[in-house]
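Here is a colleague's note, to be read alongside the coordinates. The points are grouped by site.

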Amino acid sequence: MDNKKGALSSDILKQFKKNFESDPKNLLALNACMKTDPLELCQQRHIVESTNHVYTHKVDAEIKPVTNQKNSGRCWLFAALNVLRIPFVKQHQIEDFEFSQNYLFFWDKVERCNYYLNTIVSVLQRGEPVDGRLMSFLLHDPVADGGQWDMVVNIIQRYGVMPKKCFPETFCCETSARLNNILKTKAREYAKELNLLVQKKSSQEKLDEKILSYMEELYRIIAICLGVPPETFTWEYYNKSKAYCSVGPITPLKFYEEYVKPYCDVESKLCLVNDPRPENPYGLTYTVDCLGNMVGGRRTIYINQKTKDMLKYAAESIKNNEPVWFGCEVGKRYSLKLGIQDLRIHDYNLLFGVDINKSLSKAERLTYGDTSMNHAMVFTAVSLDSNGEPTKWRVENSWGDDRGDKGYMLMTTEWFEEFGFEVVVDKQYVPKEVSDLLKMDPKVLPAWDPMGTLAS
């Protein structure tokens, strides 16, 4: 076996070992990593010392409590509701408040299951084989937690929002793996049965009836795990002046339309993305095949822009006291405990003798599968230099208050340029020629394209 071309022979491995052990720095690093996270060892103290949470522009109010999605992939919902609650709390003079994340989670699960089953039928009717790339991709993760901005809009437009106190968390929304595993298995079972019906050339009416019967079963599972949202609720609270207040009985949709939408309208916002791959030019719109969460809902559409322009619009929003939903790849060049996202925070070369994330450009990382958006958070502050260019950002996360600055992180502009992918801002901060791009037909990317990755 050692003689096989390209094989790692015993002589080669002995030389590797000899070279490794001949350098005392390698032995020191080995010993340190025995008890310590390698990324903790890589942190550069002078970067930590020069980091401070002071900004030139900041939204008026940062609301308590810092939210916590716990063991679930609901960051996109948490981030959206954190954007909504800042103007809501200011308007209603409340000291602390959360919208019910479980409420949106419930309806997303129901709608997502229905969207998935209908998509499976549509794809099979195209003639796609079950063992083909598209069906294999769809069957891999049928009902995920993660989502995109347009999916949030779908749920809120149809179902509204409500206070967390009126529909609190459950075990299965805080630790969603149990529910997801059940739903995924059932979704695959149903996909098999639907495939048999399509092969028999069953009528669309029969296929629709079968999907509805499956949906009743899935609704039952979701309701048991997450609870059944009330059709109406009454919200009682004390304002900052300790005066008693009450709203309701009211439906969640009417609550959104009357008490939330006037101060933060999710329908008026645009989703801008940065996809620098040469095959996807700037100034065009894109969507992803089979990506969505609601039959008949709005499509997930991106306007591709340069990062500098995206952050310019985000800074204008912050200056006007409006927080900004954004998506990024959260794990790279990130100090978890300190909550610092800075390209200089880690010195991999000092520890390993090789650098990381340097030889591939952002476009190349997308092409070679080394990056994609996987998390959504909120910008609440920005620092601008003397030329009005943004240098750093304050980030509201949804991982509790024991990381960073009591739950808030610091992100440099240079970091976002490498690992940021989406920014959602109101139309008023975007030039008309950019918002008008939504009038064009979007280019459809394949279902497995990295721009279709869900924030979780």
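The numbered points below concern a predicted model.

1. Annotated site. An unreviewed UniProt entry places the feature "active site" at Cys75, His375 and Asn397. These residues span 323 residues in sequence, yet no two of their C-alpha atoms are more than 9.6 Å apart, so the three gather at one spot. Of the three, Asn397 is included in the lining of the largest cavity.

2. Cys75. Buried or exposed, at 0% relative accessibility? Cys75 counts as buried, because the cut-off for that class is under 20%. Cys75 has its place in helix α5, which covers residues 75–92.

3. Cavity. The structure holds 1 cavity of 30 Å³ or more. The volume of the largest cavity is about 40 Å³. Its lining is made up of Asn397, Trp399, Gly400, Arg403, Gly407 and Met409. By residue class, that lining divides into 2 nonpolar, 3 polar and 1 charged.

4. Largest pocket. The volume here is about 490 Å³. The lining of the largest pocket has 24 residues, and those nearest the pocket centre are Phe137, Asp141, Leu291, Gly452 and Leu454. Helix α6 gives the most, with 4 residues. The lining of the largest pocket divides into 15 nonpolar, 5 polar and 4 charged residues.

5. Second largest pocket. About 270 Å³ of space lies in this pocket. It is lined by 15 residues, of which Ile94, Asp96, Phe97, Lys165 and Tyr237 are the closest to its centre. The lining of the second largest pocket divides into 7 nonpolar, 1 polar and 7 charged residues. Two of the residues named here, Phe97 and Tyr237, return in the ring cluster of point 8.

6. Trp107 and Tyr159 form a stacked pair, with 4.1 Å centre to centre and 5° between the planes. Trp107 lies in helix α6 (residues 101–125) and Tyr159 in helix α8 (residues 149–159), so the pair ties together parts that are 52 residues apart in sequence. Both Trp107 and Tyr159 are buried.

7. A tilted pair. What is the arrangement of the rings of Trp415 and Phe419? Their centres are 5.3 Å apart and their planes stand at 55°, so this pair is tilted. Trp415 and Phe419 are 4 residues apart in helix α16 (residues 413–419), and so are separated by about one helical turn. Trp415 is buried, as is Phe419.

8. Ring cluster. Ring pairs link Phe88, Phe97, Phe99, Phe233, Trp235, Tyr237, Phe255 and Tyr259 into a cluster. Among these, Phe97 and Tyr237 are also residues of the second pocket's lining.

9. Charges over rings. The charged end of Lys392 sits over the ring of Tyr55, at 5.1 Å from the ring centre. Arg394 lies over the face of Tyr408, 4.2 Å from the centre of that ring.

10. Gly327. Strand β7 (residues 324–328) is the place of Gly327. At 0% relative accessibility, Gly327 counts as buried. Gly327 and Ala455 are 128 residues apart in sequence, and 7.0 Å apart in space from C-alpha to C-alpha.

11. Cis peptide bonds. Most peptide bonds are trans. A cis peptide bond joins Lys64 and Pro65, with omega of about -5°. Pro65 is found in the loop between β1 (57–58) and α5, the helix in which Cys75 has its place. Another cis peptide bond joins Gly248 and Pro249, with omega of about 5°. Pro249 lies in strand β3 (residues 244–250).

12. Positive phi. Most residues other than glycine have a negative phi. Lys242 is not a glycine but has a positive phi of about 65°. Lys242 lies in the loop between β2 (233–238) and β3, and is exposed with a relative accessible area of 59%. Arg333, also not a glycine, has a positive phi of about 50°. Arg333 lies in the loop between β7 and β8 (334–335). At 4% relative accessibility, Arg333 counts as buried.

Technical notes. Residues numbered from 1 in each chain as written. Predicted model: local features only at pLDDT ≥ 70, side-chain atom pairs only at ≥ 80, totals over all residues. Heavy atoms only, no water. 1 Å grid on protein atoms, 1.4 Å probe; cavity = no way out; pocket = protein on both sides within 12 Å on 5 of 7 lines; lining within 4 Å. Points joined across faces, edges and corners; volume = space filled by probe spheres on them. Nonpolar A, V, L, I, M, F, W, Y, C, P; charged D, E, K, R; others polar. Phe/Tyr/Trp six-rings, centres within 6.5 Å; stacked < 30°, edge-to-face > 60°. Helix = DSSP H or I, 4+ residues; strand = E, 2+ residues; numbered from the N terminus. Buried < 20%, exposed > 50% of the residue type's maximum accessible area, 1.4 Å probe, protein only. Lys NZ or Arg CZ within 6 Å of the ring centre and 35° of its normal. UniProt positions renumbered as here; feature names shortened; annotations may be inferred.
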